[in-house]
Amino acid sequence: MTIQEINRAYNRIVGSLDNKELKNAFVFLHGMISGLQTYDFQAKLSGLQDTYTYMLRYKLEGANDPMQEQIYHSLLISTYELTDQVNHKALEEISPLLFYNKRRSLQLIPMKSYSEIHAQLQIPIQNQENKLAFEHTLHTLFEQIWISDPLASDDVIAIKEILYDETLPSTVGCQIISALWMGLQTYFDKEKLFLLFDALYLEEEEKHVRAIISIMLTLYLYRKRMFLYPQMVDRLAAFSETYPALTREIRTIILRFILSRETERITRRLHEEIIPEMIKLSPKLHKKINPKDFMTDSTGEEMNPEWEEIMSESSSLNKKMEEFSELQMEGADVMHSTFIHLKNFPFFREISNWFLPFTPEHSAFDRFFQEGNKENEVLKTLASASFICDSDKYSLCFSMLQLPDQHRNALLSQFTGQAAEMIEQQKEELITKHINIEALIGQYVQNLYRFYKLFPGKKDFEDIFALPLDFHNLKPLEPYISDKESLMIIAEYYLRKNYITDALPIFEHLSKEYPENDTLFQKIGYCKQLENDLQGALKAYKYADLLNSESKWLLKRIASCYRTLKQPEEALKYYHRYEVLDPDDLSVQLNIGHCFLELKEYDKALKYYFKVDYLDTKKHRAWRPIAWISFLTGKYDQACNYYGKILENQPGMQDYLNAGHTEWALNNIKGALKFYTQSVKAESSDLHKFIEQFNQDIPDLLGAGIEENEIPLVLDQLRYLLDGEL
């Protein structure tokens, strides 16, 4: 069988098992086993089939078997496990994936037992040789757990002993937990998952954080078969009894994974918007600012006002930088773009190093960083920085090592003066256990993101960040995040980040439990309106209106839906209700005018437009509709007056077009052609677009008394003028 055939067969079998189509799974599995010609697998399959047919016959005869459900679940578990075994057997000799390459290479050398590895890790690190041996052993431990078959009971005991050995550096436990997750992603093994549950009880917060994230990812990845392992639910329940903060941590992890979706967008905005604007601004800054001015003087005076003036000239850049700063404060991964191109060091060729907690004592730094010198102090400071993940800390240090001594010293001086102050401030903020755990969750999610997006062999792994990761829908997690508060936090976060399709089902679920909560129905309506389901939005909005008839926001939303649906008479009902609550809202007054305009009730429309024009002394939002209604009602001098004002205030293609219509109605064809020419030029000299707009207005021109046979003549005159021939 080819790799593609193996993958198709495996997915077909697992899909049948997920749908509880056991007979189909047996048929597909038989075909897969036949290609391998392995007797043991065939014998196991035959045993499973016999058990299942006996169970079905027993049920067909009407017998009541209290063990039936247990037998059925056992059959499903055994078939899943056999399928995994067959799949790995089929792939282990031919698959080019890194997982199988490592398995094949490790089979060529004698494998050490986990007890032997434990003993080697316990050797005191007294010199460079000991340190290198420790790092090599830790790397071996990671790989051995990652590529292992389902763990035997002796191996589980030995790994657990290493995990709980408090005399070992913290990095050991962290690497074990990450290796367990990586192994689980490729091959489900309940013993590996049980070890992750054991790790939840570890005192060190970083290990605990890695364990809970790994458990949640595993539960998500194998969500279709988790009902077969009630022990997992029991383990989580038992832990929650001794750890009240579990719900809060699960929420935080969910929000962090939602926030990780923003990373690519942030990176794109940095490269496509913010950096180009800064580059454009740079020459002006260099002319206006003396670089020496950046040095802090003894008076501690604030920034030169000239600099602020220059920066204010780029208001869009200021706004984007403010947004960027807010994202950073929220915990968004704003550093990703900085370190994308700093993952090519040899260190990152090893998969285990992508998960290695940052440690200043790593052998890679020995040549440059000695105890007591400036570089070593920087490493210690960097190790405690909560705003940089481990992977990026290594990237930063390796980048500094590439610099000449003089440049590196200058950079280190700047770092110790500025970054160290920031880090110290953050250390003071992380005084509570909960805040520190939040920071660790953010760091580890970023570590995972770096691996799945930047690891050279990333295509060999399913990118977990490309999955929906809707943890709130996982049955095992329901007891902890199915409460109203948790679901509202998650749904509103989705909504705030504009992930409407994720937010809407949660709001709808909550609305069934809390049918008297008008806010939920408002948000359902808002989500549906954003998805352009206007009928669905109106249904939700109108139900919310029954619960809370005083919501001005709601009245506006209902009216806007009706306007979009071309039902101005219905929209007017809600705008008038709003008008009673707030008669001074000019945007609503303007919209009432628009509704009357659409209904061709021009006198009523003008009444509202003139009111807005009188009160709105800056934006002049009513000028255009007043001018157009004046044209439609034959008040051409009034229309001409308003178009004169409009054309002095950033006119567009449509403004010149309408001004031309007005001049034509006044029999000033030369003036009309002048404005038509400007209209074409305002649309990048695209005559085709102009003609499209013009043709839509022909009924209104005819209503203004313009002869139909004049229209083609004037358009031809325009063509000659544009070609410079008249």
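Student: Leaving aside neighbours within four places in sequence, which residues is D392 in contact with?
Tutor: D392 is in contact with M335, F339, K343 and R450. Contact means heavy atoms within 4.5 Å. Before going on, note that this is a predicted model, where local features need pLDDT of at least 70, side-chain atom pairs count only at pLDDT 80 or more, and totals for chains, interfaces and linings use all residues. Residues are numbered from 1 along each chain as its sequence is written, and side-chain values use heavy atoms, with hydrogens and water left out.

Student: Where is D392, and why does D392 count as buried?
Tutor: D392 is in helix α19, residues 390–401. D392 counts as buried because its relative accessibility is 0%. The classes are buried for under 20% relative accessible area, exposed for over 50%, and partly exposed in between, with a 1.4 Å probe and protein chains only. Helices (H or I, at least four residues) and strands (E, at least two) are DSSP runs, numbered from the N terminus.

Student: How many helices and strands does the chain have?
Tutor: The protein chain has 37 helices and zero strands. Of its 726 residues, 48% count as buried. Among contacts between residues at least 6 apart in sequence, 67% join residues at least 24 apart.

Student: What is the average pLDDT of the chain?
Tutor: The average is 88, and 86% of the residues score at least 70. pLDDT is the predictor's confidence in each residue, from 0 to 100. Over residues 284–301 the pLDDT is below 50, and that stretch has eight contacts in the model beyond near neighbours in sequence. Residues 306–314 also have a pLDDT below 50, with 14 contacts counted that way.

Student: Back to single residues. Is L195 buried or exposed?
Tutor: L195 is buried, because its relative accessibility is 0%. L195 lies in helix α10, residues 190–199.

Student: What does L195 touch?
Tutor: Not counting residues up to four places away in sequence, L195 touches L151, V156, I159, K160, L163 and L180. As for I157, its C-alpha atom and that of L195 are separated by 9.4 Å, with the two residues 38 apart along the chain.

Student: New topic: how many cavities turn up in a search of the whole structure?
Tutor: The search finds three cavities of 30 Å³ or more. On a 1 Å grid over the protein atoms alone, a cavity is a set of points where a 1.4 Å probe fits but cannot get out; a pocket is an open set with protein on both sides within 12 Å along at least five of seven lines; and lining residues have an atom within 4 Å of a point. Grid points are joined across faces, edges and corners, and a volume is the space filled by probe spheres set on the points.

Student: How much space lies in the largest cavity, and what lines it?
Tutor: About 80 Å³ of space lies in the largest cavity. Its lining includes R256, D333 and Y449. Helix α21 (433–454) and helix α13 (246–260) each supply at least two lining residues, and α21 gives the largest share, four residues. By class, the lining has four nonpolar, five polar and two charged residues. Ala, Val, Leu, Ile, Met, Phe, Trp, Tyr, Cys and Pro count as nonpolar, Asp, Glu, Lys and Arg as charged, and the others, Gly among them, as polar.

Student: And the second largest pocket, which residues lie nearest its centre?
Tutor: Y10, N11, Q185, T186 and E462 lie nearest the centre, out of 29 lining residues. The second largest pocket holds about 900 Å³ of space. Helix α1 supplies the largest share of the lining, seven residues. The lining divides into 14 nonpolar, eight polar and seven charged residues.

Student: Last one: what is the phi of K600?
Tutor: K600 has a positive phi of about 65° although it is not a glycine. Most residues other than glycine have a negative phi. K600 lies in the loop between α29 (586–598) and α30 (602–615), and K600 is exposed, with a relative accessible area of 60%.

Student: What about N667, where is it found?
Tutor: N667 is found in the loop between α33 (653–665) and α34 (669–682). Its phi is near 65°, also a positive value in a residue other than glycine. N667 counts as exposed, at 69% relative accessibility.
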